[in-house]
Amino acid sequence: MKITYLGHSAFILEDGDFKAVIDPFISGNPMSNINVDEITGLTHIFVTHGHGDHLGDTIKLAKNNDALIISNAEITNYLKSLGLRTHSMHIGGRYKFDFGTVKLTPALHGSAIQTEEGTVYGGNPCGFVIEVNSKKVYHLGDTGLTMDMKLVEIENIDAALVPIGGNFTMDIDDAIRAIDFIKPKLAIPMHYDTFPVIKADPKEFEKKNKTCKTLIMSIGETFEL
Ligand code: NI
Ligand code: MN
């Protein structure tokens, strides 16, 4: 599986015909100069929660690519009402898609969607365990540290995408505790430096992480898992 970092919590996962983006906050990201219109061939879009820095360019990308959006039932209901293709899931549920399996994990956070018509209820925020071709990626979403993460250890995660920026999510020390619970083969830090309040040094995370390898990805970088 190829993993490309798009900045903040946004990643592209690619394997054969499967090409998915998770939390595509791209055009609004002050740290990124990636052009959303140049992201093509997407088959799926994963959305962990309704906040603008995660829902991001979902609507535009879904329309441009005719991609299937996978999220919690409240977010998919809203996106479906805009005429988009969706697959609705919820916390704890796993589903076998043609590309592999997806399980929604709990995240300790909010999920309201801000629209021009006002605030839309976005249900419970989530993380995703995505398995494609025997490779498993766990995108934690936006979350504080929870004991629930210990349960994900049994999934044998190949790569955990973990927020480290603090303020809205876990900081570096809590992210280290989370990685100790999850025991992935690889940890990739995310959700840091995009805004001044989430400034964090991924090298400090790398230094403190004794559980597994750390991969610090630059924006636009691709890695073969
Ligand atoms: Ni959030
Ligand atoms: Mn966020």
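Reader: In this predicted model, is Asn156 buried or exposed?
Author: The model is predicted, so the answer rests on computed values. Exposed means over 50% relative accessible area. Asn156 has 55% relative accessibility, so Asn156 counts as exposed.

Reader: Where does Asn156 lie, and what is its phi?
Author: Asn156 sits in the loop between E12 and E13. Asn156 is not a glycine, yet its phi is positive. The value is about 55°.

Reader: Is His8 buried or exposed?
Author: His8 also belongs to a loop, the one between strand E1 (2-7) and strand E2 (10-15). His8 is not a glycine and has a positive phi of about 55°. Its relative accessibility is 1%, so His8 counts as buried.

Reader: How many helices and strands does the protein chain have, and how does its radius of gyration compare with the globule rule?
Author: The protein chain has five helices and 16 strands. For 225 residues the globule rule gives 17 Å, and the chain is close to that, so it is as compact as a globular protein of that length. Its C-alpha atoms fill a box of roughly 45 × 40 × 30 Å along the principal axes. The radius of gyration is 16 Å.

Reader: What share of the residues is buried?
Author: Take the contacts with a separation of 6 or more: 60% of them come from residues 24 or more positions apart. Now take burial over the 225 residues of the protein chain. The buried share is 56%.

Reader: Which residues give the protein donors of the nickel ion (ligand 1)?
Author: The protein donors lie 2.2 to 2.3 Å from the nickel ion. Their residues are spaced H-x1-H-x57-H-x32-D in sequence. They are His49 (NE2), His51 (ND1), His109 (NE2) and Asp142 (OD).

Reader: What is the arrangement of the four donor atoms around the nickel ion?
Author: Four donors count as tetrahedral if all angles lie between 85 and 135 degrees. The angles at the nickel ion run from 86 to 175°. That range makes the arrangement irregular.

Reader: Which residues give the protein donors of the manganese ion (ligand 2)?
Author: These donors lie 2.1 to 2.2 Å from the manganese ion. The sequence spacing of their residues is D-H-x87-D-x48-H. The donors are Asp53 (OD), His54 (NE2), Asp142 (OD) and His191 (NE2).

Reader: Which residue coordinates both ions?
Author: The manganese ion and the nickel ion are 3.2 Å apart. His54 lies in helix H1 and its partner in the loop between E12 and E13, so the pair ties together parts that are 88 residues apart in sequence. The residue that coordinates both ions is Asp142.

Reader: Which elements do the buried residues of H2 pack against?
Author: In helix H2 (residues 58-65), Thr58, Leu61, Ala62 and Asn65 are buried. They cover an arc of only 100° around the axis, so they lie on the same side of H2. They pack against strand E3 (18-22), E4, H1, strand E5 (68-72) and helix H3 (73-81).

Reader: Which residue follows H2?
Author: Its phi is positive. The value is near 50°. The residue is Asp66.

Reader: How many aromatic pairs are found, and what kind of pair do Tyr5 and Phe11 form?
Author: A search of the whole structure finds seven aromatic pairs. The rings of Tyr5 and Phe11 have centres 4.8 Å apart. Their planes stand at 40°, so the pair is tilted.

Reader: What kind of pair do Phe97 and Phe99 form?
Author: Both Phe97 and Phe99 are buried. Their ring centres are 5.1 Å apart. Their planes stand at 15°, and under 30 degrees counts as stacked. So the pair is stacked.

Reader: Which residues do ring pairs link into a cluster?
Author: Phe97 and Phe99 are among them. The cluster is Phe18, Phe46, Tyr95, Phe97, Phe99 and Phe128.

Reader: Which residues is Ala159 in contact with, leaving aside neighbours within four places in sequence?
Author: Ala159 has its place in strand E13. Its relative accessible area is 0%, so Ala159 is buried. Its contacts are Ile3, Lys136, Val137, Tyr138, Leu186 and Leu225.

How values were computed
Residues numbered from 1 in each chain as written. Chains lettered and ligands numbered in written order. Predicted model: local features only at pLDDT ≥ 70, side-chain atom pairs only at ≥ 80, totals over all residues. Heavy atoms only, no water. Donors = N, O, S within 2.8 Å, 3.2 Å for Na, K, Ca; no water. Tetrahedral: all angles 85-135°; square planar, octahedral: opposite > 155°, others 65-115°. Buried < 20%, exposed > 50% of the residue type's maximum accessible area, 1.4 Å probe, protein only. Helix = DSSP H or I, 4+ residues; strand = E, 2+ residues; numbered from the N terminus. Arc of directions from axis to C-beta. Contact = heavy atoms within 4.5 Å. Phe/Tyr/Trp six-rings, centres within 6.5 Å; stacked < 30°, edge-to-face > 60°. Rg over C-alpha atoms; globule rule 2.2 N^0.38 Å.
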